[in-house]
Amino acid sequence: MSRERAKQCLEFIDQSVSSYHAIETMRKRLVQRGFLPLDEREMWKLEAGGSYFVGHGDSAMAAFRIPEGEIKGFHIVATHCDSPTFKLKSNPEISVEDRYLKLNTEGYGGMIYSTWFDRCLSVAGRVVYQKGEKLESANVNIDEDLLVIPSLAIHMNREANKGMEFNPQTDLLPLMGTAASKGSLMKKLSKLVKVDEEDILGTDLFLYVREKGKLAGDEGEFLISPRLDDLECVYASLEALLETTPKDYCTIGVVFNHEEVGSHTGQGAASTFLKDTMERIGESFRKTGSAYLCLLADSFMISADNAHALHPNHPEKSDPTNKPVLNGGVVIKHHGGQKYTTDAYSEAVMKSICKEAMVPFQDYHNRSDIAGGSTLGNISAAQVSIPTVDIGLAQLAMHSAVETAGSRDVEYLIEALKNFYEK
């Protein structure tokens, strides 16, 4: 079963070529399973035992299931759908010596630049266009091997293997074609959306790696894929929500955008999106004011965002006593400065969830002399003040164009989250 889960996860990631496509892929799955869409602009009429979802800004979503009886609180799993990449700037075409055409980009998130060279890339995201008197948006994916960021030959830089600092404005712009390709990007986009070029008024377009994820290793024990951080956790949380029926708690799977650039946007974990959604759920069942605060007091959130694994070539980079490994199960993340919001209580809750589900777990701490990253748990908890634990799945090469994780860990996380949602 774990191999099948891993393959399905890779299919989900392959379809989710941008944060907008990840939400679209989720929406299709939810509709297929009987979840009803809600509109933020309308009043909600929710029913006990119902399953619903609401989108926010085309790149964030909350899906939830309501128990048949009295709601005691909320059980929430929070993830994010964005990954480090390059974003196209306005007017992106650059002519080079009247011979080539390249595109002007800027970095989105903290990526490992060197991993983006010499790969087939393309463009995906959304466009906003004029249709009559209205503005409409559409997801777009130029589904072809369109771009490449070419390395500089070692003959032209003999020091390349001694370490190199890359300038994103000069070294990392993708080549699209010859000079004859001028204007072709907008032509491709307008053809996809079926509107005139001049009707496209806004774009959020990103590069993505064309390589499909694979199972690898001696026994297929590894996942090698783009965007594992954090679509692996998005997939697991979605499957857990779909496969469970809540008993006493309203179960919520919320997917934020913009975690890789700080979360402080309208679709990020620092927004009021989750808080607003929970308040509207409470309002539907006459849980307002103090009654709503009582729900919060009996709620719990799992922030799921991948974690660093013990590196086979650099074991010295791991903490001396906490060294998560691939296929070692759910990773519980700790940080003295609360970059991860795990405390003794939430740690104990998560470990009890894993034990009940018979899922292995492991702990992660940064080395005390290495500054680690951050995630969305503490940011989201500042908006919705409930006990929260930060977890993830162990992976190598985080923020590389292509990352590596353990194929068995996908099922481990699904089983743990199912236990959380059910109990």
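I'll start with the aromatic pairs: there are 11 of them by the ring-centre rule, and this is a predicted model, so keep that in mind throughout.

Take one pair as an example. The ring centres of Phe117 and Phe166 are 5.0 Å apart, and the planes meet at 45°, so this pair is classed as tilted. Where do Phe117 and Phe166 lie? Phe117 is in the loop between β6 (100–108) and β7 (121–131), while Phe166 is in the loop between β8 (134–141) and β9 (175–178). The pair therefore ties together parts that are 49 residues apart in sequence. Phe166 comes out at 21%, which makes it partly exposed, because the cut-off for buried is under 20%.

The second pair is Phe300 with Phe420. Here the planes are at 70° and the centres 6.0 Å apart, so the pair is edge-to-face; the label applies because the angle is over 60 degrees. Phe300 belongs to strand β14 (residues 300–304) and Phe420 to helix α9 (residues 409–422), so a strand and a helix 120 residues apart in sequence are tied together by this pair.

Next, charges over rings. The charged end of Arg280 sits over the ring of Trp44, at 4.1 Å from the ring centre. Lys87 lies over the face of Phe206, and there the distance to the ring centre is 5.7 Å.

Last, empty space inside the protein. Rolling a probe the size of a water molecule over the atoms shows where empty space is left. How many cavities of 30 Å³ or more does a search of the whole structure find? The search finds 1. The largest cavity has a volume of about 40 Å³. Its lining is made up of Met26, Ala63, Ser237, Leu238, Leu241, Gly253 and Val255. The largest share, 3 residues, comes from α4. By residue type, the lining has 5 nonpolar and 2 polar residues, and no charged ones.

To recap: the Phe117 and Phe166 pair is tilted, the Phe300 and Phe420 pair is edge-to-face, and the lining of the largest cavity holds no charged residues.

Notes: Residues are numbered from 1 along each chain as its sequence is written. This is a predicted model: local features need pLDDT of at least 70, side-chain atom pairs count only at pLDDT 80 or more; totals for chains, interfaces and linings use all residues. Side-chain values use heavy atoms; hydrogens and water are left out. Rings of Phe, Tyr and Trp (its six-membered ring) pair if their centres lie within 6.5 Å; planes under 30 degrees apart count as stacked, over 60 as edge-to-face and the rest as tilted. Helices (H or I, at least four residues) and strands (E, at least two) are DSSP runs, numbered from the N terminus. Buried means under 20% relative accessible area, exposed over 50%, partly exposed in between (1.4 Å probe, protein chains only). A charge sits over a ring if NZ of Lys or CZ of Arg is within 6 Å of the ring centre and within 35 degrees of the ring normal. On a 1 Å grid over the protein atoms alone, a cavity is a set of points where a 1.4 Å probe fits but cannot get out, and a pocket is an open set with protein on both sides within 12 Å along at least five of seven lines; lining residues have an atom within 4 Å of a point. Grid points are joined across faces, edges and corners, and a volume is the space filled by probe spheres set on the points. Ala, Val, Leu, Ile, Met, Phe, Trp, Tyr, Cys and Pro count as nonpolar, Asp, Glu, Lys and Arg as charged, and the others, Gly among them, as polar.
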